[in-house]
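I opened my notebook to get to know a new structure.

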Amino acid sequence: MPMGHTATEEAGSGGLTATEHRLANGLRVVLSEDHLTPVAAVCLWYDVGSRHEVKGRTGLAHLFEHLMFQGSAQVKGNGHFELVQGAGGSLNGTTSFERTNYFETMPAHELELALWLEADRMGSLLVALDEESLENQRDVVKNERRQRYDNVPYGTAFEKLTAMAYPEGHPYHHTPIGSMADLDAASLEDARAFFRTYYAPNNAVLSIVGDIDPEQTLAWVEKYFGSIPSHNGKQPPRDGSLPEIIGSQLRTVVEEDVPSRALMAAYRLPHDGTREADAADLALTILGGGESSRLYNRLVRRDRSAVGAGFGLLRLAGAPSLGWLDVKASGGVEIPAIEAAVDEELARFAEEGPTPEEMERAQAQLEREWLDRLATVSGRADELCRFAVLFGDPQLALTAVQRVLEISPLEVQAVAKARLRPDNRAVLVYEPTAQTDAAGTEEEEAAK
């Protein structure tokens, strides 16, 4: 089968390079050689996440992340984990709004095993998928929902805030975990149809990074993936675009058994892949990225009204990104006082912009985070997949650092002024139930 075109580009990240190839069945393959250590990372991104799901059938993307580890034609039960770990490798999978990914990091001489395993489940999962494995993993996912969302303090905050920030009917209105009712309603035929539609080679990007021989690696990819048929039944994801500003402050107060009062908010910010998103990332880093940030200094150090304060960016490509504010109050401090201080700091930042020192520190912080990602074979494999799936070009991963460093203080100030406003946020306030509050007060009195 013809391999299609190959593209190579010197990158702006320490000379890292990547080559691109395409199999006849549509599978995109990205290779990046790195002979520093004798390991190889395999990363497979499928262009399917919770945004592709329809009402009444949420959670299928995440359910499949689990089903992919339940055996395929030649690998029974838990065999995928056993074979990879037995060969000295590590592995996992994750689901987001925009994609589902699977990844292994292997000793370089075990690379072929990882490729064979990924190809076996892409090509033959349906052979092994039956009512028993569906029931088994449905229960696992429901249990995960209980452990990570329903039964932990602030556990459903993300779900509540995204449901507020993205209106009913929007593809990002529900989170990847899915609802209990929808998980119960999913039939074996629903699952099979979902797999046939989205787990096709022409809906995936495979990246392989590390101590590899590109020619041999491509030969293995062709051998194991080349005969898997493509599938053309996928509908494009629903439109996720929204006005730049929410238009009014949305607000929910939750009374729950939580350790302390909390103020959380989601601001609607620019789409990932834009200069404005990079500017927003820098703004949030200056305002709430760590203990040297403005909000931490104001709320935790100066006012002592909070025990923690953070502000970060959830980058999204198919919908506006979210600026995620999270402040946990000190005992006895009321939320209005914290909210007033936050708004004061945001207004000052919008008016004055960042200082040169803040810009330098924030750019250095984001640069370090990016370089740390690209320095590991698994991190680089993941970023190559991300830029290939979401933006059509894996090479953009290798120049991301440069783009952050090109942003000016004026651009950072402009995005803060335009977006970090009270009428552009969904607010979630946590108030402890009476008994929690009383217990907290007693503990504080005892500590004095």
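Here are my entries, one topic at a time.

**Ground rules.** I am working with a predicted model, where local features need pLDDT of at least 70, side-chain atom pairs count only at pLDDT 80 or more, and totals for chains, interfaces and linings use all residues. Residues are numbered from 1 along each chain as its sequence is written, and side-chain values use heavy atoms, with hydrogens and water left out. Helices (H or I, at least four residues) and strands (E, at least two) are DSSP runs, numbered from the N terminus.

**Strand β7.** I looked up residues 204-210, which make up strand β7, and found 7 of its 7 residues buried. Buried means under 20% relative accessible area, exposed over 50% and partly exposed in between, with a 1.4 Å probe and protein chains only. In a regular strand, side chains alternate between the two faces of the sheet. I checked both faces of β7: one side has Ala204, Leu206, Ile208 and Gly210, the other has Val205, Ser207 and Val209, and all are buried.

Which strands flank β7? I noted that β3 (residues 28-33) runs parallel to β7, joined by 6 bridges, while β4 (residues 39-46) runs antiparallel, joined by 7 bridges. Two strands pair if DSSP finds at least two bridges between them.

**Aromatic rings.** I found 18 aromatic pairs in the structure. Rings of Phe, Tyr and Trp (its six-membered ring) pair if their centres lie within 6.5 Å; planes under 30 degrees apart count as stacked, over 60 as edge-to-face and the rest as tilted. I picked Phe69 and Tyr102, whose ring centres are 6.0 Å apart with planes at 55°, so this pair is tilted. Phe69 sits in the loop between α1 (60-67) and α2 (79-86), and Tyr102 in strand β6 (residues 100-107), 33 residues apart. Both Phe69 and Tyr102 are buried.

Trp370 belongs to helix α12 (residues 356-375) and Phe387 to helix α13 (residues 377-391), so the pair ties together parts 17 residues apart in sequence. Trp370 is buried at 12% relative accessible area, and Phe387 is buried at 6%.

I also traced a cluster linked by ring pairs; among its members are Tyr46, Phe64, Phe69 and Tyr102.

**Charges over rings.** A charge sits over a ring if NZ of Lys or CZ of Arg is within 6 Å of the ring centre and within 35 degrees of the ring normal. I noted Arg99 over the face of Trp45, at 4.9 Å from the ring centre, and Lys328 with its charged end over the ring of Tyr154, 4.7 Å from its centre.

**Val333.** I found Val333 in the loop between β11 (321-329) and α11 (335-352). Is Val333 buried or exposed? Val333 counts as buried, because its relative accessibility is 19%. Leaving aside neighbours within four places in sequence, Val333 is in contact (heavy atoms within 4.5 Å) with Arg261, Ser305 and Ile338. Val333 and Arg261 are 72 residues apart in sequence, yet their C-alpha atoms are 8.1 Å apart in space.
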